[in-house]
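This report describes a single protein chain, moving from its overall make-up to a few local features. Please keep the sequence and the structure in view while reading.

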Amino acid sequence: MRISSNHKLICSGVLILTLCGWAVAEPIRLTLDESDQPVAETNVAPVQHTEPVRPIASRSFSLSLTADGEPPETSAVRQASAEEPPTPNQDTSVSVRAPEGAQVAQPTANGPLRVYGIHQEKIDNPAARQGTSRFNEPTTSLNPTAKVQVEAAPTGQAPLSRFSQASPSVKPVETPRPEANTSLPPVVPSNPATAEVEAPSFSVTQIAPGKTPLTQIEAQWGAPAHKRRIDQDKHVRLYEHQGDFAKVEIAVENDQIISVFLIPAKPMSLDAVEQKFNLTKIEPAAVRDSSGRHLGTIYPERGILLPQTAEGGSFEIDRIIVQAPSAESFMIRASNRSPLEFRDRLNDYQLAIAQEPYSAEAWYQTSLILHRLGRDQEAFDAARKATSGVGSSAEHRLHRTLLNVVQGNLATGIHNTQLIADDVTVADHVRAKAHCQWGDLLQMAGPQKNREAVQHHVRAIEIASPLVNDTDQEVRRAAKQVLVDAHMSLAIDIATGDWEKKEQTVNQWLLRSKVYIDNMVTNEEATGELRMAWLTKSLMAHSFYNAPFDPGDSIDQIVGQYRELLSKTDDPFFHRALEWETGQALTQAVFIEHARDKHDSALKIADQARAFLRGGLAGREVGIADHLLLGNLYFRAGAICAVQKQDHSAAVKWYELAVDHLTNQSLQNIMLDRRGESLVSMGVSFWSVGNREEGIALTEQGKSLIESATAQNSALQKKLIVPLDNLAEMYRELGNAQKSAQYTASAQKIRQSLGDDAVSR
């Protein structure tokens, strides 16, 4: 039988994976367990996605904690040209320093948010008309004495639900507060017996800003020692010698307590403060300024801030600030957490949203994590809320644009990314990120956009390089991340484009990116995730051209990095993302080994990759890039079995896994001819093992995809000869001479039109 098999491989499609990898992010308690089940749900006011009326936030009595920053330093960046393979600026060494006093080399947490003050904000509903009421208080109050816990689902339970915004199931602590008696003076006990049954006096620790009535304090403590008016609606009351506190300063606005500033009679230990205010079960967080300097410790569920000049060790507390729980305090704690703690960070962001449903930053950080988990529709919904929320920025719009591309809207994504990159009013580190993303999207658009992609990646490096010594921790880290991403992307650009000295230049860009990664791990609290990303991009670059590259050492490093990251956290959400990303990296090694004719090694690695990817699929929405990755991996393994091993039975087992991915409707017009040729090849193996019905069906489906590609590009018409010849032979063996003749005639007609009588096998 002369049924032909064409095993051309799907390579360029995996470029979309360059955008689906490692977005670094941080935290709302999703109240989800390991099976994606919501533990408890409470309604939160829905976000109206209309153009918000930007209110002016009222920041009365903001208790600011600031420290003097340092002036940024800049350095010149050499102009690179796309006329020749751009190479890293070897004359410019990496000179990166941490600002004085900054906390570095602690790989357990990302840098915190910029904190200028701990305060309660009163912000009008941005979706409502002017003059309407402010936000309502959340219906579920936060427990000031206990951490919010997520209950684990039974082992092995399949994920049944997706991300849903829900406030944690917690109960408020009931604190005894005696009723104020404003009509009669307090009764003085006449003897010790009456003193024993007297109600306890009102304590400083019972004051809850926003809840405790001012009249209750007046009834218990009487008139203040001093009273200072700020304006018509705001004033400060000073009480002296209240229990263990020499001074109690109460800030009041419109007869409502906003904050309390306490000075102990003598400095108190941290343990004593935690016991007195019942904070022992609340997880605290460090407050830092924009340069990373430690300013104090906050307990978000209680809104209690302990200003401190040192972090860790034994110290005494001489000031205490009490405010109502705020979104900002939960955001601070989320930023203090390790970037590997997906679940706890999501928890803190949800608590922030419960306080401020329109917090753009909380929704943005939620979207970043959901994207890492492969839940892109939910990530996109969260990104929409971020771009329409309070505090929305260009960076939030840039992320939403990326998720729009993941859904298949490449042209729109390129346009919107360009708008941000060209906007001179946008911060430089965000514009650098936009240029890097712009280059990535152009690379996805095809080989014809390769040089443009190079230009934008080089431009991203030019903008970001002067920012690597910025005293603002957020800016400095963002700039270094752009440098890492742009250098790795340039390696992919050179590998896929028509450039001379390809191998030398690709390696230079990869090594340069590794220098920045090492610096971020050492000085910026980055994790080994960056090294995993580098290994994946390195393998991807080498898979796009013929080079004497042995991936064995990279594979060992990938598995080692996986084990190291796995040991650092027990977070099940992060474990899923890590398994998926490890499988992605090993898939690139399969492609390289196949190209090197190391077939046994390729099949062995394919088995490993499949195991990792299968674990990462739990709770994941399989998108376009995922379908291409999985379909290509399984097809390659099957092709090795069918062609090199001549084992069609083994090939069919791999092809059965590949079919659903390569024929998925989400791919639509993506890589029609390549996917069509793959299906034709798979049809041969199914036919060979006796499954003739499936063999014909796959060959017919492959022919249809190639015909659709030919309608868009007539130069692809020659690719129809193989499926037509195969179908002619299949129907001849089935005894259907009429159909066999029709397909034979169609193939001959194409040969004649092309002036090619040779049979393409």
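## Overall make-up

Of the 761 residues in the chain, 55% count as buried, a figure that, like every other in this report, is computed from a predicted model. The accessible surface of the chain amounts to about 33,200 Å², and carbon and sulfur atoms account for 47% of that surface. The chain holds 23 helices and ten strands.

## Helix 4 and what covers it

Helix 4 spans residues 327–336, and because nine of its ten residues are buried, this helix is largely enclosed by the rest of the structure. The buried residues are Ala327, Ser329, Phe330, Met331, Ile332, Arg333, Ala334, Ser335 and Asn336.

Along the chain, Lys480 and Asn469 are eleven residues apart, and their C-alpha atoms are separated by 9.5 Å.

## The second largest cavity

Rolling a probe the size of a water molecule over the atoms shows where empty space is left. The second largest cavity has a volume of about 70 Å³ and is lined by eleven residues, of which Leu373, Phe573, Arg576, Ala618 and Gly619 lie nearest its centre.

Helix 16 (residues 572–595) supplies three residues, the largest share of this lining.

## Two loop residues with positive phi

Most residues other than glycine have a negative phi. Asn254 has a positive phi, near 50°, although this residue is not a glycine. Asn254 is placed in the loop between strand 3 (245–253) and strand 4 (256–264), and with a relative accessibility of 52% this residue counts as exposed.

Gln646, another residue that is not glycine, likewise has a positive phi, near 50°. The loop that holds Gln646 runs between helix 18 (624–644) and helix 19 (648–662). Because exposed means over 50% relative accessible area, Gln646, at 57% relative accessibility, counts as exposed.

Technical notes:
Residues are numbered from 1 along each chain as its sequence is written. This is a predicted model: local features need pLDDT of at least 70, side-chain atom pairs count only at pLDDT 80 or more; totals for chains, interfaces and linings use all residues. Side-chain values use heavy atoms; hydrogens and water are left out. Buried means under 20% relative accessible area, exposed over 50%, partly exposed in between (1.4 Å probe, protein chains only). Helices (H or I, at least four residues) and strands (E, at least two) are DSSP runs, numbered from the N terminus. On a 1 Å grid over the protein atoms alone, a cavity is a set of points where a 1.4 Å probe fits but cannot get out, and a pocket is an open set with protein on both sides within 12 Å along at least five of seven lines; lining residues have an atom within 4 Å of a point. Grid points are joined across faces, edges and corners, and a volume is the space filled by probe spheres set on the points. Accessible areas come from the Shrake-Rupley method with a 1.4 Å probe; for residues, only the protein chains shown count as cover.
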